[in-house]
Amino acid sequence: MQTSQKLLIYNQFNKNIFRVIRERSTVAATVCPYASQTETNEVEIARIKNETTTKYLPYTQVPGPKPLPIIGNTWRFAPIIGQFKISDIATMSFLLNQVFGRIVKVSGLMGRPDLLFVYDCDEIEKCHRNEGPTPFRPSMPSLVKYKSELRKDFFGDLPGVVGVHGEQWREFRSRVQKPVLQLSTVRRYVKPLEKVTDDFLQRCTQHLLDEKSELPNDFSNEIHKWSLECIGLVALDTRFGCLDEKLDPKSEPQQIINAAQFVLRNIAILELKAPYWRWFPSISPMWKRYVANMDYFVEICMKNISKATERLKAGSEGALDGEPSLIELVLREEKNEKLATTMALDLILVGIDTISMAVCSILYQLATRPEEQQKMYEELKRNIPDPNTPLTIQTLEKNKYTKAFIKEVLRVYSTVIGNGRTLQKDTPICGYMIPKGVQVVFPNLVVGVDDEFVSDAREFRPERWIKSPDNDTNLHKFASLPYGHGARVYWEHIYFYACKFKLIFFLQMCLGRRFADLEMQILLAKLIRNYKLEYNYAPLKYAITFMYAPDGDLKFKMTRREE
Ligand code: HEM
């Protein structure tokens, strides 16, 4: 489609909308106050509604790459003949926007509904605001098959939140979200997560740095181990032991590392490149390995949740300095080991790669931006004058620049490149009537750097996130949603000088967001307060494995800072 045509459609759409708004306001202004107002308005609104529905362009006219007969668009990811490797999905997302505009349809994907890319933050906002209490999130079909078919006997009616939709999702989520998102639970983890991070930094300095003070080529694996160790604590009250000096290949921590890598790194391949396991699972070696690794995770979760139950039965003190841990809270409240196991499994599945890839990206940006790193260091030095002082939630709160830096990396290099929803009803988007069942993709990565929604969008400027009178940056609320979005609210009681206040919070879809923020802030506070990070090699490109991150060896130079 020609650009002029695309513009025409878009302008037509805008004109229609403005006309409807004009007509509505004229209706309101000219109605006689003594006439039967409601009746007139209803007739008028029905007429306008009817007119607008017929004015939307049909779904078939949404622009996009043309699918080939039978093989559709899946061939675009096929080896040799395909245009895109899985790792190119981010580039593809930018390209679709450049070539086709604000709304793009990719149809004919083998075994999947059409994907509809929406590159307009106002439209993304509307989609989120209209999604209702049980948003339907297109999610990993492999996990859906595993939970709802293969291991249905275990997961039953409470299969968790990941790969689950509708009422089952809402039921599970409402039973676990309070303890997971509650600030009072999260802040109990500062000390244990600081210990994990101290162990990680000690491992870096004592075992990983070479004679040039550089970290090894596979440093991203080490970050992965740190995040596994963090999630073991959060989801299972346990230290897996992934940061131990030498791991036996048969040891439990090494097997956990291998299982996590296999399950998470092969999902995109399973689902986009070789989806034939859906029809012929018994002849797909990759699917069989996936199932074996998932079974292993379930086993690890069950084992550790049983230990927590035993502790509770024995009446022992809470696992976190006498206070109850997340798992203990859920077990106490719900008295359901299976539910706790499923929650732990979901947290582990989603909470390893997301955070390790985000950390790879954040550290790479810090190492290649000395000015910003210096600003972070100065802030940390100011707020933590003695580097040996244990961290507290209050100290972390004060590190405004550090927090802003994390947000800016997640805006410009969004680790999760896109989020999505499956439409539950026919919905008008960008002037087209999109039918129920289509998967709408919100491409974080592309809209986050679009000048229309963010001022000087390509400029890396953490300060834009810090409130100040001279910061007049335009930043559309829906341009950077690295953790997704939820339409609903929840409340929490806060005590202040013996008074009880009820605070309302907007629900974030990412169940682990508070833990993710905490883990990243602790790591940066410990690392940058004490060490200088450099990267002295050719710049790295970003690519997708499962997440969006620098593609190459993170051979950082790490040197102790002089006090
Ligand atoms: C920087 C790190 C992370 C990023 C960028 C991230 C991003 C996301 C996104 C985009 C979603 C989908 C939200 C939506 O549908 O609107 C999500 C969901 C989720 N995340 Fe995270 N996440 C991160 C870390 C974590 C961690 C550490 C955990 C576990 C401790 C976690 C657990 C979850 C869970 C369980 C869900 C599914 C929630 C539900 O369906 O109700 N995430 N995350």
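**Close-up 1. Leu116 and its bridge partner in strand E6.** In this predicted model, Leu116 has Val440 in E6 as its bridge partner. Strand E2 (residues 115–118) pairs with strand E6 (residues 439–442) in the parallel sense, over three bridges. Two strands pair if DSSP finds at least two bridges between them. Strands (E, at least two residues) and helices (H or I, at least four) are DSSP runs, numbered from the N terminus. Residues are numbered from 1 along each chain as its sequence is written. Because the model is predicted, local features need pLDDT of at least 70, side-chain atom pairs count only at pLDDT 80 or more, and totals for chains, interfaces and linings use all residues.

**Close-up 2. The open sheet of four strands.** The strand order is E1-E2-E6-E3, with mixed pairing. Strand E1 (103–106) and strand E3 (419–422) are the edge strands, each pairing on one side only.

**Close-up 3. The shell around the ligand.** Among the 26 residues around the ligand, Gly351, Gly484, Met509, Cys510 and Gly512 come nearest; a residue is near if its C-beta atom, placed from the backbone, lies within 6 Å of the molecule. Helix H10 (219–236), helix H15 (337–351), helix H16 (353–367) and helix H21 (513–530) each give two or more residues to this shell. H15 gives the most, with four residues.

**Close-up 4. The contact of H10 with H15.** Ile231, Val234, Ala235 and Leu236 in H10 meet Ala344, Leu347, Ile348 and Gly351 in H15. Contact requires C-beta atoms, placed from the backbone, within 7 Å.

Note on methods:
Contact = placed C-beta atoms within 7 Å.
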